[in-house]
Each structure stands twice: as C-alpha cells, then as structure tokens.
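Please open the model in your viewer and keep the sequence panel beside it, so that each selection below can be followed in turn.

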Amino acid sequence: MTSPIKSAEILVVEGWLPDYAIQQALTEFKNGSYSLVITTGGSIEKGNYLSEYKNFAEVSAATFKKLGLESEKVVAVPTPVVIKDRSYASAAEFNRWLSDSNLKLQSVNVFSLDVHTRRSWFLFKKLLSPNIKVGAIAAKTQDYDPNKWWDYSQGVRTILDEGIAYIYARFFNWKA
C-alpha cells in the first residue's frame with residue numbers, strides 16, 4: 001500500500017525496518033519536501049546487551065545519521081515496552097510526542113515495509129485524523145517477489161500474518 005501525501009512535512013519511519021528499507025526511506029526524504037524524519041520503535045529484544053541502542057527508534061535514527069542525514073533532521077521517538085499492539089503503541093507515542101512539540105503539522109507520511117504499511121497507515125490515521133492528513137509509503141521487500149508472493153514461503157507467511165493482523169487492528173482491537 002502506497003498512498004503518499006506530496007506535501008507532507010514529516011516522514012515517520014518505523015524503526016524496525018531492515019537497513020535496505022531505511023536506505024529507501026532516506027531516498028524518499030531527500031526527494032520530498034520533508035523537514036524531519038521521525039523514527040519510532042520499541043525495545044530491542046535480541047542483542048540488547050551488546051548495543052548502545054536500547055530501542056529500534058534509536059537504531060534507525062543512528063542509521064540515518066550514519067548514512068549522511070544531518071542530526072538535526074532526525075528525531076527518535078521510542079515506544080514504551082508493550083507485549084501487544086506494538087504498531088498502535090508506536091503511533092500513540094508519536095501522537096504524544098507531536099502534542100508535546102511546538103510543531104503545527106498539516107500532513108505526514110508513514111514509511112513502513114511492504115504489506116505491513118497498510119496496518120500502520122490505518123493506525124496512524126485513526127490517531128492523527130482529522131487534524132493531520134496521513135499518507136503511506138511502502139518500502140519494497142527483498143524477501144520475496146511481491147508480484148508472485150505465493151511462490152515464496154516468506155511471501156505466503158507475510159501475507160497471511162499481515163492479513164490477520166490488519167483484520168485484528170481493524171475489527172477486534174478496541175484501541176483502533
């Protein structure tokens with residue numbers, strides 16, 4: 001699902017994305033009219049003791065900086081530890097951060113990976129609309145061919161998993 005807002009002021013990037021997707025987000029940032037990249041994400045569950053970063057928001061913010069984006073254009077907004085509804089928690093934490101900031105936004109684009117983007121877009125829209133328009137941009141996966149997802153075990157697992165998660169967020173999750 002890709003439905004960007006051309007004049008979006010901020011690019012919100014989900015921090016758990018693989019490095020190749022962060023590179024795609026950086027290209028999007030440079031080609032757009034964005035003033036900031038906001039990274040979201042919860043705690044790192046593996047390798048936490050080996051890393052100076054304790055959450056995906058900080059890891060992806062550091063990755064953007066390592067790839068050459070100026071520090072003042074990147075803000076990490078870590079998500080509190082949750083055991084369910086992680087995407088919702090990231091959207092809610094971004095909404096809280098935005099409320100505490102001095103920014104008066106008209107629109108944002110949410111950057112996520114492949115089919116997960118539809119769910120993130122839905123959740124961010126639920127929390128930010130109607131005051132802020134929310135667009136979505138999906139990074140292209142390298143795990144399988146999206147045009148023939150059914151030919152790849154990873155494609156089948158991703159489509160089924162994300163389909164179930166989207167239905168849950170849309171119809172069964174009281175928060176959404």
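In which helix does S60 lie? Select residues 56-66, which form helix α2, and S60 will be found among them. Bear in mind throughout that this is a predicted model. If you now show what surrounds S60, leaving aside the neighbours within four places in sequence, the residues in contact with S60 are G15, I22 and T39.

Next, turn to the salt bridges, of which a search of the whole structure finds four. Three of them are visited here, beginning with the pair E70 and K73, whose closest N and O atoms are 3.9 Å apart. E70 is partly exposed, with a relative accessible area of 35%, and K73 is likewise partly exposed, with a relative accessible area of 30%.

From there, move to K84 and D85, whose side chains meet in a salt bridge with an N to O distance of 3.6 Å.

The next selection is R119 together with E162, which form a salt bridge with their closest N and O atoms 2.9 Å apart. This pair links distant parts of the chain, since R119 belongs to helix α4 (residues 116-128) and E162 to helix α5 (residues 153-172), the two residues being 43 residues apart. Both R119 and E162 are buried.

At what angle do α4 and α5 pack? The angle is about 15°, and the axes of the two helices are 9 Å apart; because angles under 35 degrees count as roughly parallel, α4 is described as roughly parallel to α5. In passing α5, α4 makes a left-handed crossing. To display the contact itself, show the side chains of H116, R118, R119, F122 and L123 on α4, and of E162, A165, Y166, A169 and R170 on α5. Coloured by residue class, the residues of this contact divide into five nonpolar, one polar and four charged, and the salt-bridged R119 and E162 can be found again among the residues that make the contact.

Terms used
Residues numbered from 1 in each chain as written. Predicted model: local features only at pLDDT ≥ 70, side-chain atom pairs only at ≥ 80, totals over all residues. Heavy atoms only, no water. Buried < 20%, exposed > 50% of the residue type's maximum accessible area, 1.4 Å probe, protein only. Helix = DSSP H or I, 4+ residues; strand = E, 2+ residues; numbered from the N terminus. Axes fitted to C-alpha atoms, helices over the stretch in contact; angles between N-to-C directions. Parallel < 35°, antiparallel > 145°, perpendicular 65-115°, else oblique. Left-handed = near helix turned anticlockwise from the far one by under 90°. Contact = heavy atoms within 4.5 Å. Nonpolar A, V, L, I, M, F, W, Y, C, P; charged D, E, K, R; others polar.
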